[in-house]
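Trainee: I've got a model open and I'd like to talk through its helices and a few of its side chains. Can you take my questions one by one?

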Amino acid sequence: MGGMPLNDLPWWRWRARLRSALHMLSDPGFQQEAWLTGRDGYGDVTDAVYRLVEDTWLDRWSAEKYVGAIFRDSTEAALVDTAVLRAVRLLHEVGADAPAAAYLGHPDWPETVRAAREAHVALAVNDGDDPDAAPKSLDVLRILTQV
């Protein structure tokens, strides 16, 4: 999010939080290094899923509603819708209090990661960021989204 233009979309803070969650959900190496080991500063799987839906209610309605506010176009919105639906479904199946290993070992986890990766790459590239950079900590996200 270092190259992200912070003022070209009205709800860029929401976009930053969504991007952070998608980034973490889309990176198996990060998941092994941070979530499985319980590394401080990055939350957990449940935290990432909640970041997808807490402000936006994307578990209740389509991301299309936010084109021009959070998302640049319908393509981004469709990719995010797919990723959110997969992540929320898995959260309900595995349980919000489950350890990371329960998510990462679930047979549907690879498809959830793939959907998050497609959405993450599209948003990162459209923001002029490197989609392969390591996810930033939640403290860095808070700093980036301060008023």
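What follows is a set of questions and answers on this predicted model.

Trainee: Let's begin with α4. Over what distance should helix α4 span at 1.5 Å a residue?

Mentor: Helix α4 covers residues 74–94, which gives 21 residues. The expected span is 1.5 Å times one less than the number of residues. The end C-alpha atoms agree with that expectation, and the value for both is 30 Å.

Trainee: Is Thr75 itself buried or exposed?

Mentor: Go by the relative accessibility, which is 53% for Thr75. The cut-off for exposed is over 50%. Thr75 therefore counts as exposed.

Trainee: What covers the buried residues of α4?

Mentor: The buried residues of α4 include Ala83, Val84, Ala87, Val88 and Leu91. Helices from several parts of the chain take part in covering them. Among them are α1, α3 (45–53), α5 (100–104) and α6 (109–126).

Trainee: Which residues of α4 make the contact with α3?

Mentor: α3 passes α4 in a left-handed crossing. From α3, the contact is made by Thr46, Val49, Tyr50, Leu52 and Val53. From α4, the residues are Val84, Ala87, Val88 and Leu91.

Trainee: I also noticed the loop between α3 and α4, where Trp57 is found. What is the phi of Trp57 near?

Mentor: Trp57 is partly exposed, with a relative accessible area of 44%. Its phi is positive, in a residue other than glycine. The value is near 60 degrees.

Trainee: And just after α4, which residue takes a positive phi?

Mentor: The phi there is about 110 degrees. The residue that takes it is Gly95.

Trainee: On to α6. How far does α6 reach from its first C-alpha to its last?

Mentor: α6 has 18 residues. At 1.5 Å a residue, the reach is close to what is expected. Both values are 26 Å.

Trainee: At what angle do α1 and α6 pack?

Mentor: The axes of α1 and α6 are 7 Å apart, and their crossing is left-handed. The contact includes Leu22, His23 and Leu25 of α1, along with Ala116, Ala119 and His120 of α6. The two helices pack at an angle of about 135 degrees.

Trainee: Now Ala115 in helix α6. Which residues does Ala115 touch, not counting residues up to four places away in sequence?

Mentor: Ala115 is buried, with a relative accessible area of 2%. The C-alpha atoms of Ala115 and Leu85 are separated by 9.5 Å, though they are 30 residues apart along the chain. The residues that Ala115 touches are Leu79, Thr82, Ala83 and Arg86.

Trainee: Last one: Ser20 lies in helix α1. What is the partner of Ser20 in a polar contact of 2.5 Å?

Mentor: Ser20 has a relative accessible area of 4%. Buried means under 20%, so Ser20 is buried. The polar contact joins side chains, and the partner of Ser20 is Arg51.

Note on methods. Residues are numbered from 1 along each chain as its sequence is written. This is a predicted model: local features need pLDDT of at least 70, side-chain atom pairs count only at pLDDT 80 or more; totals for chains, interfaces and linings use all residues. Side-chain values use heavy atoms; hydrogens and water are left out. Helices (H or I, at least four residues) and strands (E, at least two) are DSSP runs, numbered from the N terminus. Buried means under 20% relative accessible area, exposed over 50%, partly exposed in between (1.4 Å probe, protein chains only). A polar contact is a pair of N or O atoms within 3.5 Å; within protein, one must be able to donate a hydrogen and the other to accept it, and residues adjacent in sequence count only if both atoms are side-chain atoms. Contact means heavy atoms within 4.5 Å. A crossing is left-handed if the near helix is turned anticlockwise from the far one by less than a right angle, and right-handed if clockwise. Axes are lines fitted to C-alpha atoms, for helices over the stretch in contact, and angles run from 0 to 180 degrees between N-to-C directions.
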